[in-house]
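Hi,

Here is the structure I promised to pass on. Have a look at it first, and my notes follow below.

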Amino acid sequence: MEAQTKQNISFEDFKQEVLSDLKIAITSRECSLLGRKEVLTGKAKFGIFGDGKEVPQLALAKAFKNGDFRSGYYRDQTFMMAIGALNIEQFFAGLYGHTNLENDPMSAGRQMGGHFATHSLDENGNWNNLTLQKNSSADISPTAGQMPRLLGLAQASKIYRNVNGITNKTNFSINGNEVAWGTIGNASTSEGLFFETINAAGVLQVPMVMSVWDDEYGISVHAKYQTTKENISEILKGFQRDEDNNGYEILKVKGWDYPALIETYQKAGEIAREQHVPVLIHVQELTQPQGHSTSGSHERYKNAERLAWEAEFDCLAKMKTWLIENNLITAEEIEELEKNIKKEVLDGKKAAWNAYLNPIKTERDELVELLNSIAASSSSKVFIEKYASDLASIKEPIRKDTLSTARKVLRLIKNEDSKANLSSWIYGYKETIQPKFSSHLFSSSKDAISKINEIKPIFDDSAEDVDARVVIRDNFDAIFSKYPETLVFGEDAGNIGDVNQGLEGMQEKYGEFRVSDAGIREATILGQGIGMAMRGLRPIAEIQYLDYLLYAIQIMSDDLATLQYRTKGRQKAPLIIRTRGHRLEGIWHSGSPMGMIINAIRGIHVLVPRNMTKAAGFYNALLQTDEPALVIECLNGYRLKEKMPTNLGEFTTPIGVVETIREGKDITIVSYGSTLRIVEQAAKELQEHDINVEIIDVQSLLPFDLNHDIVKSIQKTNRLLVVDEDVPGGASAYILQEIVENQSAYNYLDSKPQTLAAKPHRPSYGTDGDYFSKPSAEDVFEKVYEIMNEVNPKKYTNLY
């Protein structure tokens with residue numbers, strides 16, 4: 001419902017609107033109360049609810065308009081109900097973990113209840129018109145993890161208002177009038193991500209309204225242990241804007257004061273929407289009637305005085321009192337309304353439970369019938385009938401019960417003819433059910449990376465050798481000209497054109513909105529990218545060095561990497577993350593924590609080009625896809641010479657495809673990035689000793705060698721060495737598993753597959769630190785020579 005006031009509607013209409021709010025608030029409270037019971041009786045696994053926050057969320061919903069975005073936390077159920085995005089059955093479907101998106105549109109059972117989302121995409125992965133709907137970005141549980149994304153959602157409005165020529169703009173924004181609304185609990189404002197985002201939003205001056213729900217506790221810990229002065233708005237006073245300085249508008253309001261809340265949220269929305277000024281609303285004196293979650297009772301940590309105060313100042317109780325005092329409803333009418341809503345919620349709960357349970361029962365009954373049929377002619381009849389009987393007696397089965405029983409019975413009949421029927425059933429069941437839990441880690445739309453064809457760079461006869469950074473720079477120039485919705489930002493990315501001059505002159509040519517500097521705040525640089533990508537822009541978020549990615553790894557892992565998965569393909573953020581790394585000297589700027597990265601961010605492609613032409617091809621390819629990726633440029637490659645292609649902005653490096661860069665017959669060496677130059681040097685020296693090396697450039701770690709070309713090389717050489725500058729057991733272990741296990745290379749190996757990695761510590765400073773810490777050409781030479789010595793000790797005599 002769009003905001004309305006007493007001044008522009010009749011008293012009767014105003015009364016109906018207020019009573020509608022009351023009904024939503026009571027419905028939400030009843031869902032919380034009954035939801036807790038469902039957890040405690042075992043029907044649901046865990047519950048975390050929005051009781052005590054109902055009234056301020058009604059006020060927020062009134063100021064929230066089509067095209068706006070929410071980035072909140074797990075207590076905003078009343079808001080979702082108020083904007084029409086959540087009903088009773090859907091609330092309970094989320095609590096039960098219903099795997100059907102129609103029943104649980106928030107996540108199809110992939111997140112616990114209380115995590116909310118709307119659908120930005122249709123069933124084919126195409127964008128909906130986001131300006132025609134009220135939008136909620138998909139929640140995550142990590143406290144304050146919603147904050148960086150909020151910044152990007154707000155910044156998108158600023159880009160749409162100030163950058164011309166963006167195609168299909170009106171599907172995502174109407175002149176940048178959209179507000180990004182954030183919500184957070186008061187205790188979570190202690191997180192660094194909150195402060196980083198608040199500071200960044202103040203610097204950027206974006207249309208963001210941040211609501212802090214303050215009930216004085218964080219789980220069981222009082223605010224005096226959380227926040228200086230026990231008051232977040234008090235300590236943020238320095239952010240208050242004035243006549244001479246940009247900043248925030250900071251508003252405070254009591255969380256039980258219905259009319260004041262409506263007035264406050266109307267004011268906040270108008271300021272943010274019209275002036276593009278961020279607003280902080282500190283909603284104080286809230287309660288949490290059922291405590292933090294179903295994990296415990298708040299009576300354990302709140303004294304009698306506090307509990308009595310909470311009963312008196314419960315926002316729902318206060319709202320009822322205000323309605324009665326203003327003659328909008330009587331106590332008797334409220335009692336009747338509550339009675340009817342209790343029944344409605346109970347009926348909705350039952351309907352949601354039956355919708356969840358009945359398909360599982362049908363699957364269970366189908367297996368029971370099959371098992372009884374198999375038992376009739378089996379030597380294990382008694383045991384199989386027992387399994388079938390036990391399964392049939394489960395009143396509220398889960399799918400684990402069904403499949404586990406089938407697999408156990410299969411062991412009993414492994415030597416009987418009936419095995420074929422049961423194994424076929426198990427295979428079919430897995431094929432049907434597994435996608436309910438595992439689909440949509442990546443895009444399945446027409447713009448998925450698998451649909452992108454390779455276009456090779458073209459070099460004419462006059463192609464000159466240039467510094468490689470010029471290749472990447474001129475390719476970015478072509479990209480920004482071709483795609484008006486593309487923008488890049490990061491530390492030193494704007495004015496000086498990045499530390500390696502890969503963006504030289506781009507800000508001057510395309511403006512500060514598209515090529516911009518950012519403060520030293522990696523997590524919110526990532527958040528800017530996530531939020532803007534969720535609103536149809538194509539951001540490139542630059543993290544200056546690979547090591548600094550650790551500041552943002554939590555956001556990448558918990559938010560970006562899981563977005564398509566946790567919404568079952570109904571939201572996406574095709575963000576490109578640009579960084580540079582490998583082989584720089586010293587502890588803090590030369591780490592290559594690739595094993596950590598690739599195992600933390602499944603759901604994001606990890607691309608490791610060996611030169612700038614390959615990197616440029618990856619950017620060109622990614623801008624044709626709708627999937628997020630991390631591109632790691634070689635830090636020591638910008639000044640090396642490469643030929644300038646003529647088809648800048650057009651050629652593509654295939655994703656998930658390896659490249660053989662040296663043919664050989666004796667051993668296959670697999671590596672990536674800067675290390676390949678060392679491997680190539682060693683290969684030339686090994687050739688002098690009659691050892692012929694085949695070198696394969698992985699090019700992308702995620703995905704990895706989709707065509708299984710590496711095993712084809714090993715079929716020829718029968719030997720394998722993986723060379724990597726990550727720590728031992730890092731990316732090299734991942735690569736080895738992919739080749740030996742997933743590609744079954746063990747069938748063709750005549751020697752033990754080996755790895756050559758860095759030492760288990762960070763590189764010491766200086767060139768000697770690099771030499772003694774990471775694989776050198778001599779290390780590669782001697783490792784390969786040692787392998788060949790084992791093959792033919794007479795020909796390849798011991799070096800040592």
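Predicted model: local features only at pLDDT ≥ 70, side-chain atom pairs only at ≥ 80, totals over all residues.

Pro-654 sits in the loop that runs between strand 16 (641-643) and strand 17 (659-662); strands here are DSSP runs of E, at least two residues, and helices are runs of H or I, at least four residues, both numbered from the N terminus. With 15% relative accessibility, Pro-654 counts as buried (under 20% relative accessible area; exposed is over 50%, partly exposed in between, with a 1.4 Å probe and protein chains only).

Numbering starts from 1 along each chain as its sequence is written, and side-chain values use heavy atoms, leaving out hydrogens and water.

Next, helix 15 (residues 468-482). Of its 15 residues, 11 are buried, so the helix is largely enclosed by the rest of the structure. Among the buried ones are Arg-469, Arg-473, Asn-475 and Asp-477, along with Phe-476 and Phe-480.

Then there's helix 14 (residues 419-438), which holds Lys-430. That lysine counts as partly exposed because its relative accessibility is 36%.

Which helix gives the most to the positive patch? Helix 13 (residues 399-412) does, with 4 residues.

Cheers
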